[in-house]
Amino acid sequence: NTVIESEIDGLITSLREELNNRYCAFIPSKKLQYFEQNMPFGLEFCLAFGDAHEEIKNAGNCLAADLNTAAVFHLMRVIEYGLRALAIKLKVPVAAGKPIAYATWGKIIPALQAKIEEIDKKKSTKTKKEQADLDFYRLALHDCNIFKDLWRNDVMHTRGNYNESEALDVYVRVKEFMQGLVK
């Protein structure tokens with residue numbers, strides 16, 4: 001009996017020593033839908049924007065762990081993938097010989113605006129598809145400006161802190177925007 005008690009005491013001591021160097025975080029069950037999700041924006045999105053996968057996953061993990069400002073930070077990085085995709089789609093020159101990844105929002109957005117205006121002026125009469133495409137690009141650019149002005153600039157320049165409700169709202173808006181780009 002003493003041998004068993006001694007072994008159990010040794011096991012307990014070892015466990016305590018191991019656990020003293022480890023910390024755990026609690027994720028409430030209502031937030032499990034965000035934690036460690038592989039395709040929270042869907043398969044089509046993942047296929048179209050695979051590079052944004054880690055940012056979305058990080059944003060979800062931050063939401064789950066109540067790191068709301070960090071979630072908004074990662075979500076703005078997701079939007080940047082969308083902004084770049086628009087610039088690539090419209091063949092907007094923004095980075096003077098450098099990859100688009102080196103262009104800033106301050107360069108991409110005005111260049112997109114100029115390109116959309118150029119497309120609009122090319123033809124006075126447009127087909128329904130051309131008009132629908134133009135309207136889509138205008139709305140997407142408008143949304144990018146809203147993301148920039150309401151969240152991106154503040155979170156990137158340490159002027160914004162966000163609570164759970166605000167971060168969840170941004171998450172939903174980013175998801176809708178990015179899924180819209182996929183379509």
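A cavity here is a set of grid points where a 1.4 Å probe fits but cannot get out. This is a predicted model, and it holds 1 cavity of 30 Å³ or more.

**The cavity**

- The largest cavity has about 40 Å³ of space in it.
- If you want to find it in the structure, look for its lining: Asn38, Met39, Pro40, Phe41, Phe45, Cys46, His53, Ile56 and Lys57.
- Two helices, H2 (43-48) and H3 (53-64), are the elements that each give two or more residues to that lining.
- H3 supplies the largest share, with 3 residues.
- By type, the lining splits into 6 nonpolar, 2 polar and 1 charged.

**H4 against H6**

- Two packed helices are described by the angle between their axes and the distance between the axes.
- The crossing of H4 past H6 is left-handed.
- On the H4 side, the contact is made by Thr69, Val72, Phe73, Met76, Arg77, Ile79, Leu83, Leu86 and Lys89.
- H6 answers with Phe136, Tyr137, Ala140, Cys144, Phe147, Trp151, Arg152, Val155 and Met156.
- Sorted by type, the residues of this H4 and H6 contact come out as 14 nonpolar, 1 polar and 3 charged.

Conventions
Residues are numbered from 1 along each chain as its sequence is written. This is a predicted model: local features need pLDDT of at least 70, side-chain atom pairs count only at pLDDT 80 or more; totals for chains, interfaces and linings use all residues. Side-chain values use heavy atoms; hydrogens and water are left out. A crossing is left-handed if the near helix is turned anticlockwise from the far one by less than a right angle, and right-handed if clockwise. Helices (H or I, at least four residues) and strands (E, at least two) are DSSP runs, numbered from the N terminus. Contact means heavy atoms within 4.5 Å. Ala, Val, Leu, Ile, Met, Phe, Trp, Tyr, Cys and Pro count as nonpolar, Asp, Glu, Lys and Arg as charged, and the others, Gly among them, as polar. On a 1 Å grid over the protein atoms alone, a cavity is a set of points where a 1.4 Å probe fits but cannot get out, and a pocket is an open set with protein on both sides within 12 Å along at least five of seven lines; lining residues have an atom within 4 Å of a point. Grid points are joined across faces, edges and corners, and a volume is the space filled by probe spheres set on the points.
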